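This briefing goes through a predicted model by topic. Please keep the sequence and the structure open while reading.

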Amino acid sequence: SPFSSLFPNEIPECHPTISPRMYHTIMAPISLAVILALSFLVKRRRLHQSCWNGVPGLLSPGDLLGQDGPRVAAAAVFGILFSSLCQLVLDPDPLPLVSPASPAAREFWKILALLYYPVFYFPLLGCAGPRHRLGYATGTLLAWGHCGAQLGHRLQCPLAHKIHQLYSALSHVPILLSLALLSLWYPARLIRSLQDTPEPQIPGKSYYRTYLKAVLSKRGQKGSSTKLEESLWSRIRSYLRSYIYIPEEGGKTPWDQGMLGVGVYGSARTFPISQQGLAWSSTPAVLGAGIHKYPEKGGGFPHPRGPIPAQTPFPALFPSPNPGICSRFPAVCYISSLVLCCLLTCAMLLRTLGMHRSNLRALYQGAVLDVFSKAHILRPSRGAVVCWISFSAFQAAFACLGLLIQQVIFFLCSVAFTFLVVIPLQASTGSLLFGIIRNMWPFWLTLVVAVLVQHLLAHFQFLEQHSLQRELTNRRALYIITFLLFPINVLVGVLAGVWRVVISGLYNSVHLCRLDISLLHRGVETFDPGYHTYCHYLKVEVSQCHPLLKAFCLLLLHPGRTEPPAPPRDTLLEEG
């Protein structure tokens with residue numbers, strides 16, 4: 001096979017120039033030194049301000065509530081941290097600084113690693129906090145160091161003895177992309193600071209002024225009318241437009257870059273894990289679908305005796321000399337399910353961003369009942385602050401969990417459809433599904449006829465058209481039909497119940513990543529942890545980032561030009 005050299009059966013031992021333990025041993029002290037050094041660029045606000053004029057202070061990752069924070073750097077570093085968390089859960093050696101631990105003590109090292117990795121990657125985001133050229137220069141060196149070490153290790157050791165031979169390479173793709181983004185972002189900031197280009201102190205300045213003028217204006221909207229009925233094309237266009245998110249000046253979005261990257265991170269993380277497990281789990285479907293032969297010269301399909309699926313992660317991309325349907329189907333079904341669930345997750349996240357912007361605008365205007373089912377006081381509280389802290393983590397976790405659930409559901413459905421419908425039709429062989437339909441066709445025909453008869457009787461016999469409304473008629477016949485069709489309607493109800501379970505499961509799995517809506521009824525929506533977190537997150541955002549508050553603060557910090565006093569008005573004129 002031409003790909004045997006790329007994917008050998010036996011992976012040789014790899015000893016990179018910079019091992020993971022050496023990489024962390026070198027970069028961990030450097031990260032700690034950077035945190036201590038950059039703290040001298042930050043002033044304290046309350047504690048011992050007389051000491052060195054309030055220096056050093058506490059290094060901050062930026063203003064996460066406002067619009068002036070390093071959003072690109074924050075999204076990249078949060079993505080690195082999330083991908084490291086996924087590796088930590090599945091890695092047998094969670095902490096690279098220490099020797100391999102025993103299985104009993106491994107869980108304690110994982111708990112320690114949960115605190116180690118945020119501190120280890122904190123300087124990559126903290127360098128942008130002071131907005132100083134020294135911080136940008138340090139961030140550039142750190143980003144280049146991290147990216148160079150990670151890239152060199154992946155190039156020297158692309159294959160590894162883990163879940164899959166490509167698992168190590170594919171799992172580090174999100175980290176490499178984020179580090180590459182930081183390696184470009186920090187030099188750009190450094191060059192801008194060296195050129196003495198003034199950075200905008202308050203982003204969205206014109207937006208706040210325009211918003212304040214619109215609120216204080218007394219002119220009402222004239223000629224505004226709402227259409228009671230819209231055409232079908234306009235409704236379809238407005239529905240599709242709701243899934244397109246365009247950032248606006250001054251718009252407050254909940255980590256738009258990070259949320260859109262969650263789908264990519266999740267697909268890259270679950271890709272090498274799920275493919276092998278799902279492919280092997282589909283073997284019973286192959287054996288039970290009536291497929292017994294490969295396409296050969298004799299027209300037959302002899303039953304495969306080799307392993308199912310093939311060793312390579314994508315048999316369709318790396319075909320063998322005698323490829324067969326049974327060796328190709330896992331890759332086709334897996335790729336199609338992966339693409340579909342990634343597209344749906346990205347669409348749901350874009351819809352979340354649009355709805356979040358609409359919810360903020362409604363709450364800014366005081367329309368609380370347009371967003372919440374009952375009245376809320378828009379002020380921060382203990383629970384609201386906790387929910388605001390955990391919102392971004394909840395969003396990442398819910399999105400990746402929904403992506404994984406969708407991937408499993410769509411893969412199993414595609415496998416079932418392929419081996420119960422498509423392949424039997426092409427091979428002209430029997431299928432379990434076709435056998436059930438063939439043996440039970442009188443039952444299905446009875447249910448269909450009963451439903452059609454009820455609809456026809458309801459339209460022609462049990463409804464009578466009056467002037468402006470319809471009324472029931474022939475009530476005695478209605479009661480008789482209700483009693484006679486009760487057993488058949490019970491069977492129809494069983495099928496409707498199964499369909500209700502299926503459609504509710506699909507709906508909940510697709511909308512699991514959306515925290516702006518509740519998957520439960522309005523009476524029990526507080527038991528939905530995602531929606532509960534989002535509601536409290538909105539309270540903090542609205543109370544701390546209201547445009548009117550920022551507009552008045554902007555006027556106080558940057559007063560406009562002094563205008564000459566207006567000429568005195570004639571006091572004899574009547575006011576009115």
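Val 368 is buried, because its relative accessibility of 15% falls under the 20% cut-off. Val 368 sits in the loop between helix 11 (residues 325-364) and helix 12 (residues 382-427). The model is predicted, and its protein chain holds 18 helices and 2 strands.

- Not counting residues up to four places away in sequence, Val 368 touches Leu 363, Lys 374, Ala 375, His 376 and Leu 378.

**Leu 512**

- Leu 512 is placed in the loop between helix 16 and helix 17 (residues 529-544).
- With 18% relative accessibility, Leu 512 counts as buried.
- Leaving aside neighbours within four places in sequence, the contacts of Leu 512 are Phe 398, Leu 401, Gly 402, Ile 405 and Leu 519.
- Leu 512 and Gln 395 are 117 residues apart in sequence, and their C-alpha atoms are 9.8 Å apart in space.

**Nonpolar cores**

- The largest nonpolar core has 34 residues, of which Ile 80, Phe 120, Tyr 121, Leu 124, Leu 182 and Tyr 186 touch the most other members.
- At least two residues of this core come from each of helix 1 (20-38), helix 2 (71-90), helix 3 (103-126), helix 4 (133-156) and helix 6.
- Helix 3 contributes the most to this core, with 7 residues.
- A second, separate core has 18 residues, including Leu 360, Val 368, Leu 512 and Leu 515.
- In soluble globular proteins, nonpolar side chains tend to be buried together.
- Leu 182, one of the residues that touch the most other members of the largest core, is in contact with Ala 73, Ala 76, Val 77, Ile 80, Leu 124, Ala 143 and Pro 187, leaving aside neighbours within four places in sequence.

**His 146 in helix 4**

- His 146 lies in helix 4.
- The relative accessible area of His 146 is 1%, so this residue is buried.
- Not counting residues up to four places away in sequence, His 146 touches Tyr 23, Met 27, Phe 120, Tyr 121, Leu 124 and Leu 179.
- Among these, Phe 120, Tyr 121 and Leu 124 are also listed with the residues that touch the most other members of the largest nonpolar core.

**Ser 183 in helix 6**

- Ser 183 is located in helix 6 (residues 173-194).
- Ser 183 counts as buried, at 10% relative accessibility.
- A polar atom of the Ser 183 side chain lies 2.7 Å from the backbone oxygen of Leu 179.
- Apart from residues up to four places away in sequence, Ser 183 touches Ala 143, Trp 144 and Cys 147.

**Helix 14 and helix 16**

- Two packed helices are described by the angle between their axes and the distance between the axes.
- The axes of helix 14 (residues 441-460) and helix 16 (residues 486-510) come within 10 Å and cross at roughly 105°.
- Helix 14 and helix 16 are therefore roughly perpendicular to each other, as the range for that class is 65 to 115 degrees.
- On helix 14, the contact is made by Phe 443, Trp 444, Thr 446, Leu 447, Ala 450, Val 451 and Gln 454.
- On helix 16, the contact is made by Ile 488, Asn 489, Leu 491, Val 492 and Leu 495.
- By class, this contact of helix 14 with helix 16 has 9 nonpolar residues, 3 polar residues and no charged residues.

- Arg 131 has a positive phi, near 60°, and is a residue other than glycine.
- Arg 131 is placed in the loop between helix 3 and helix 4, and is partly exposed with a relative accessible area of 33%.
- Asn 474 has a positive phi, near 55°, and is a residue other than glycine.
- Asn 474 is placed in the loop between strand 2 (470-472) and helix 15 (475-484), and counts as partly exposed at 38% relative accessibility.

**The chain as a whole**

- The protein chain has 576 residues, of which 38% are buried.
- Of the contacts in the protein chain between residues at least 6 apart in sequence, 73% join residues at least 24 apart.

Note on methods
Residues numbered from 1 in each chain as written. Predicted model: local features only at pLDDT ≥ 70, side-chain atom pairs only at ≥ 80, totals over all residues. Heavy atoms only, no water. Axes fitted to C-alpha atoms, helices over the stretch in contact; angles between N-to-C directions. Helix = DSSP H or I, 4+ residues; strand = E, 2+ residues; numbered from the N terminus. Parallel < 35°, antiparallel > 145°, perpendicular 65-115°, else oblique. Contact = heavy atoms within 4.5 Å. Nonpolar A, V, L, I, M, F, W, Y, C, P; charged D, E, K, R; others polar. Buried < 20%, exposed > 50% of the residue type's maximum accessible area, 1.4 Å probe, protein only. Polar contact = N/O pair within 3.5 Å; in protein donor to acceptor, adjacent residues only side chain to side chain. Core = buried A, V, L, I, M, F, W, Y, C linked by side-chain atoms within 4.5 Å.
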